[in-house]
Amino acid sequence: MSEVENILADEGNEVLGFGSSQSVEHVEGGKCQHCRWTEVYILADKDGVSYHLVTIGESELAGERTIYKMETTTSPTYIVERLYRKSDKGEWFLPRPSHQALVEASDSSKEFDSALQRWQERKGI
Ligand SMILES: [Zn+2]
């Protein structure tokens, strides 16, 4: 198992938030979010001070493999910042899986709740 898989499998680490862009139905032709999708995990490490932001690129298409990305930080604000994107019009937004994971994390953690509020206030969202 990779380092990311170990962190996800370790039951001492708490999943604060999870989001997925996978759709229920398969769509023929073009981009199908049933066959290729993104998952976002926000975890609190069992060490009590660090958090992990895990992004997984999943695919059920032949010849494609799962892509794992992970960042580890002690700052919930950093994770909030990493999840936000800027649109072509210069507006801040959260892609669906990131939005879902972050809303869940703010429900399960006071630190994430205040980090999200502070960040939104700072950016005028
Ligand atoms: Zn499909």
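These legends walk you through close-up views of a predicted model of one protein.

**Figure 1. The whole chain, element by element.** Let's start with the overall build: the protein has four helices and six strands. Along the principal axes, the C-alpha atoms fill a box of roughly 40 × 40 × 20 Å. A compact globule of 125 residues would have a radius of gyration near 14 Å, and the 15 Å of this protein agrees with that. Buried residues make up 21% of the 125 residues. Of the contacts with a separation of 6 or more, 52% join residues 24 or more positions apart.

**Figure 2. The largest nonpolar core.** Which residues have the most contacts inside this core? They are Ile42 and Leu43, in a core of 19 residues. At least two core residues come from each of β2 (36–44), β3 (51–59), α2 (76–83), α3 (96–108) and α4 (110–123). The strand β2 gives the most, with five residues.

**Figure 3. A closer look at Ile42.** Leaving aside residues up to four places away in sequence, Ile42 touches Leu16, Gly17, Tyr51, Leu53, Ile79, Ala101 and Ala105. One of these, Leu53 in β3, stands opposite Ile42.

Figure 4. The 13 residues of α3 reach 19 Å from the first C-alpha to the last, close to the 18 Å expected at 1.5 Å a residue.

**Figure 5. Strands β2, β3 and β4.** Now for the strands. Nine bridges pair β2 with β3 in the antiparallel sense. The hairpin of these two strands has six residues between them, and there Gly48 takes a positive phi near 80°. On to the next pair: β3 and β4 (residues 67–73) also run antiparallel, joined by seven bridges. To find your place in this pair, look for Gly57, which stands opposite Ile67 in β4. As you trace the strands, keep in mind that in a regular strand the side chains alternate between the two faces of the sheet.

Technical notes: Residues numbered from 1 in each chain as written. Predicted model: local features only at pLDDT ≥ 70, side-chain atom pairs only at ≥ 80, totals over all residues. Rg over C-alpha atoms; globule rule 2.2 N^0.38 Å. Buried ≥ 20, exposed ≤ 12 C-beta atoms within 10 Å, placed from the backbone. Contact = placed C-beta atoms within 7 Å. Core = buried A, V, L, I, M, F, W, Y, C linked by C-beta atoms within 7 Å. Expected span 1.5 Å × (residues − 1). Pairing = 2+ DSSP bridges.
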